[in-house]
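Good morning, colleagues. Please take a moment to look at the sequence and the structure on the screen, and I shall then go through some selected features.

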Amino acid sequence: MAEYIVFEGIDGAGKSSLIELLHDKLINDGYNVLCIREPSHEILTNPNDDVISTLEFALDRMKQFKRIDFEAYDYVISDRSFYSNIAYQGTSESKIEWIVGVNSFARRPDRFIFVDIAGDTSCKRELGFVDPDMALFLDCCRERYLYLLPDNHLLLDGNVSFEDNLERIMLYLLRG
Ligand SMILES: Nc1ncnc2c1ncn2[C@@H]1O[C@H](COP(=O)(O)OP(=O)(O)O)[C@@H](O)[C@H]1O
Ligand SMILES: Cc1cn([C@H]2C[C@H](O)[C@@H](COP(=O)(O)OP(=O)(O)O)O2)c(=O)[nH]c1=O
């Protein structure tokens, strides 16, 4: 049964770069690895409608998981999970409660790796400049992630080198 490893963090944190490096390392070590991402395809959501966005992301999530045979792999590595749903669409207490309920059948991660950067760093990496509204929104998402971190998570500083973070990830996976 594959270990389900989730990478989370705001846009531009370095999730996909680290996943690619981890994938190559694990394949090189002889493991069967599947990399997935959420959403599994481009989803046209309305950023002003957290309810519709939540349902779109949650449906895509459930359908994607139906297609995965966890017995066929050693590791399934995912770029995002239902935690993104809470971080991005959970803009009030009542929405968070509802989003947790909508995702109650979503698979829980065996390993949770949070790559941490600030909202303005995200803007600089993704847009090339700091959009104050976007930076503020992303800082709120970051706060929700930090509040939600499950037990046994690994928190990475997304400003240090990929090599240093890959080393930390390998130690974390070895910890059992
Ligand atoms: N630690 C880092 N140091 C320097 N550049 C980084 C770092 N992490 C990410 N980047 C850069 O930021 C951009 C977004 O990285 P990416 O891996 O696509 O993030 P995400 O998947 O979290 O959106 C890429 O250009 C990447 O090279
Ligand atoms: C899975 C998921 C993603 N999202 C958002 C977060 C990202 O802004 C976007 C995915 O963007 P994308 O560019 O595909 O990936 P990334 O920025 O992680 O490299 O979808 C949600 O708002 N809710 C969710 O449940």
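**The site around ligand 2**

Ser 16 is found in helix H1; helices (H or I, at least four residues) and strands (E, at least two) are DSSP runs, numbered from the N terminus. This is a predicted model, in which local features need pLDDT of at least 70 and side-chain atom pairs count only at pLDDT 80 or more, while totals for chains, interfaces and linings use all residues. Residues are numbered from 1 along each chain as its sequence is written, and chains are lettered from A and ligands numbered from 1 in the order in which they are written.

Ser 16 is partly exposed, with 14 other C-beta atoms within 10 Å. On this scale a residue is buried if 20 or more other C-beta atoms, placed from the backbone, lie within 10 Å of its own, exposed if 12 or fewer, and partly exposed in between.

UniProt, in an unreviewed entry, places a "binding site" feature at residues including Asp 11, Lys 15 and Ser 16. Its positions are given in the numbering used here, feature names are shortened, and annotations may be inferred rather than shown by experiment. Asp 11 sits in the loop between strand E1 (3-8) and H1, and is partly exposed, with 16 other C-beta atoms within 10 Å.

Which residues lie around ligand 2? Among them are Asp 11, Lys 15, Ser 16, Glu 38, Pro 39 and Arg 80; a residue is near a molecule or strand if its C-beta atom, placed from the backbone, lies within 6 Å of it. Helix H1 (15-28) and helix H3 (82-89) each supply at least two residues of this shell, and H3 gives the largest share, four residues.

Most residues other than glycine have a negative phi, and most peptide bonds are trans. Against that background, the peptide bond from Glu 38 to Pro 39 is cis, with omega near -5 degrees. Pro 39 belongs to the loop between strand E2 (33-37) and helix H2 (50-66).

Arg 80, which is not a glycine, has a positive phi of about 85 degrees. This residue lies in the loop between strand E3 (75-79) and H3. Is Arg 80 buried or exposed? Arg 80 is buried, because 21 other C-beta atoms lie within 10 Å.

Asn 152 also has a positive phi, of about 65 degrees, although it is not a glycine. Its place is in the loop between helix H6 (132-148) and strand E5 (153-157). Asn 152 counts as exposed, because it has 11 C-beta neighbours inside 10 Å.
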